[in-house]
Amino acid sequence: MAHILDERQKQVSVAGLNERTIDCNKASLAGSVSQRACVFCGSRVVLYPIVDALHLIHGPIGCAAYTWDIRGSLSSGPELHRLSFCTDLQERDVIFGGENKLYASIIELIDKHQPKAAFIYTTCIVGVIGDDVESICRRVEKEKSIPVIPVQAPGFQGSKKDGYKVACESIFKLVGTKSKPYTPAKSINILGDFNLAGELWILLEYYKRMGVHVNATITGDGRVDDICNAHNAALNVVQCSGSMNYLAKMMKDEYNIPSMRVSYFGIEDMSDALYDVARFFNDEDMMEKARQLVKEEFVRLMPQLAWYKERLTGKKAAIYVGGAFKAISLVKALRLIGVQSVIVGSQTGTTEDYELIKQLCDEGTIIVDDSNPVELSHFVKEKKADIFIGGVKERPIAHKIGLGFCDHNHERKEPLAGYEGMINFAKEIYATAMSPVWKFTKNP
Amino acid sequence: MLLRHTTAKEIDRKALTINPAKTCQPVGAMYAALGIHGCLPHSHGSQGCCSYHRSALSRHFREPIMAGTSSFSEGSSVFGGSANLVSAIDTMFTVYNPEVIAVHTTCLSETIGDDLVQIVSKANEDGLIPQGKQVIYCNTPSYVGTHITGYSNQVAAMVKFFSTATPKKRNVINLVAGWMEPSDMGEIKRLASVMEARTIMFPDMTGVLDTPLDGHYKMYPDGGTTIADLKLTGDSKFTLGFGPMSTEDACIKLENKCKVKFEMLDIPIGFKATDRFLMSLSRHANLPIPDSLSDERGRLIDLISDSAKYLYGKRVALWGDPDTLVPLTEFLVSLDMKPVYIVTGTPSKYFEERMPEILKDIPEAKFMNGELADMFRMHQWIKQEGVDLLIGNTYGKYIARDENTPFVRFGFPIADRPGHNYFAKVGYNGGANLVKQILDAFLDHIDRTCLEEKVEFQL
């Protein structure tokens, strides 16, 4: 593996062949073409789907422009989150400070849109010029009587993962501030589903069929009032644990709400998610309904999946996604349709995640943390992958090499979660892996 | 009703930008740097900047975009990013082996006051820059100007670092490409080669951001202006700059440094701007305009005349960058259309000077540039009185849907339609492509929405 930077050797491992634990959570090497982003990015993507809050970015225009309507987090009501608001800092503001501009902007926006809460994101430069965003937020909060929460997210303070933590802290400020008159006893909060392509709505339907009340969705199709009341739920069900574990932990410490980690991708993990909730409430009726649901879906799904499996068996996939827990589900989901995962990587996985992946994967699978395009394209060739699963920056490279591609990130257009998501996933993998276009990539 | 928050009443805003018609400098610098052959752009700042810019360009061009980042940490923001940049330069030359690294700054590295001159010379003294390779740089603070400023700064840096005057002058015309698509650059080069003019285009994204799929990934695609050519620009006999906002600075620097005189042209959108370009090239290269180009022009005029009744009097709203908006507006006026609302987030004297002249016969036209000239304002104007057509980047799709208005995509970013990097909108053929897109948008809209009894086979 000569194409791996020396300094990065410890961030790559091979299942079954070497016993090296992955050295992750390291800052990216300066100069490497990292696929990672920053603190601001992490906080912004997590808070973005709270649809009735105001999201104002305090900084130069870029940070706002690049996060304007960037992920398909669908709303069943308000669309305020899809607009881009920015203080658009200019040179004079950098010199004299942007506090007045920030104050005027928040006031104007709250008067105009009457949001339920406001998130004020500070960017790199605000961290350096030292605007006192906290005190402005406190002042507006008093004047306007809504929560105005500073999201301290200067990009240089870490990677995207650190941004998740900042987002969790911001959400936690809302939790427990209001109680609804009545919250059913068997109620859960869904943490870490962002309602991409309407995935959350599928889950809500499943839980409804089981008789589970969903109290707050954090943050997919999120509502400020629900989040304020989140402390009244009996259980936090956490997906995308990279982004939301920290919130679950804080809620456990403060409100003694237990949490469980789930994944909604693939039949196995989806079913486990439902069973685990029923088991938690120790409710035989609920469990029976869950069994019934899984059975119905299973019977409906299997013949369809069998069709895909027959045709896809022998295909090899490379996975490079943001969170490692998702990667684990993907390995299992791909196995269901006969596809072997030969490369598994993530931007923000933990040592435990990578150990789990190692145990799960076939011998020889390359496991990698914080990779870059050069590495990935070498690995893909070495392992003769047919399909790549990743995000926006990986797609064009995969295509250039002549690989199929499935976006399992912000740009997915069909829901990939739940049982119907599994069918969509199979369909997408099939369509891209078997596309006739790959027969024509070489000149005759 | 995605934009249900927009009301017809214009609100007096003191400080706030809503739905910007611009983005920040570094992405422009990154785009321009990709027009040098074998160049790896480098973002001197936090990781997020680089990631956002690569994603933005990747979404637009649907091509791999490579760039390094200094990956600033808390420490670098306190002690300066010098160590990060020096080790980044080392890493990049060792691992990715580019011909050139083009460093641009960010708001963070500018504010903490990193001195690129000193940092790069230290990297050089330390022997981290291999023989024959080069590190160029420009300052692109995000809080000054816009993406266009960043592009302009990067192009000027190409002159600063490469252009060299020798006693041996060459019969070559420099073509300095403003912010346009690779397809447009290709079309300008084609027009010049039909005239048999010898030219050097820089930057040149053809063959970089429109590459064929052949089963191989090339980190450095075949296209882009070579270093050798960039050096030779100092010996050319004349320079044509396309779009003053993105190229005038480079043209002036080239004249000062190498005494190559220049003429500032509009990006050749529409037949008038294309006429001016070809006549200028003909004059400075001392070559006739061949009949084949007159034929191309004639075909465009023919297309317009055949459809004139559908174009006449149509109200158009457009947004984007000054360098494209000015000739585009001129073209629309010459099509007998009425560009009534024009917005750019890029502050521009060029825009302010040219628009009143172009729009002198359309008294109802409103145009605005700079801070607070954003898509929210554009939508408010449209709410006050509607338009027949929208022309601009993908951010117009919300307005198009809410107001049920035909929409032609033009500019940056276009994240939801392919092909803009393949099919030119400059030159006579590009003009025909644009007119066809405008007519398709109108006529499809009419066919879909008119009364049943009015649907007709022929138009």
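In chain B of this predicted model, strand S10 (residues 315-319) and strand S11 (residues 338-344) pair in the parallel sense over five bridges, where two strands pair if DSSP finds at least two bridges between them, and where strands (E, at least two residues) and helices (H or I, at least four residues) are DSSP runs numbered from the N terminus. Within this pairing, Arg315(B) stands opposite Lys338(B) of S11(B). Together with helix H13 (residues 322-334) of chain B, S10(B) and S11(B) make a right-handed β-α-β unit; right-handed is meant in the sense that, with the strands pointing away from the viewer, the path from the first strand over the helix to the second runs clockwise.

S10(B) also pairs in the parallel sense with strand S13 (residues 389-392) of chain B, over three bridges, and there Val316(B) has Leu389(B) as its bridge partner. Of the five residues of S10(B), four are buried, a residue being buried if 20 or more other C-beta atoms, placed from the backbone, lie within 10 Å of its own.

As to conventions, residues are numbered from 1 along each chain as its sequence is written, while chains are lettered from A and ligands numbered from 1 in the order in which they are written. Local features need pLDDT of at least 70 and side-chain atom pairs count only at pLDDT 80 or more, whereas totals for chains, interfaces and linings use all residues.

In chain A, an open sheet of six strands with mixed pairing has the order S1-S12-S11-S10-S13-S14, and its edge strands, each pairing on one side only, are S1 (12-14) and S14 (404-407) of chain A. Neighbouring strands of this sheet are turned by 15 degrees against each other on average, direction ignored. Strand S13 (residues 387-390) of chain A runs parallel to S14(A) and is joined to S14(A) by four bridges, with Phe405(A) as the bridge partner of Phe388(A). Helix H17 (residues 418-433) of chain A packs on the sheet, touching S13 and S14 of chain A, and its direction makes about 150 degrees with that of S14(A); axes are lines fitted to C-alpha atoms, for helices over the stretch in contact, and angles run from 0 to 180 degrees between N-to-C directions.

Between the chains, the contact takes 64 residues from chain A and 61 residues from chain B. On the chain A side, helix H4 (99-113) is one of the elements that give two or more residues, and H4(A) gives the most, with seven residues. Across the two chains, strand S3 (85-86) of chain A pairs with strand S1 (residues 17-18) of chain B in the antiparallel sense over two bridges, and Thr17(B) is the bridge partner of Cys86(A).

Terms used: Contact = placed C-beta atoms within 7 Å. Buried ≥ 20, exposed ≤ 12 C-beta atoms within 10 Å, placed from the backbone.
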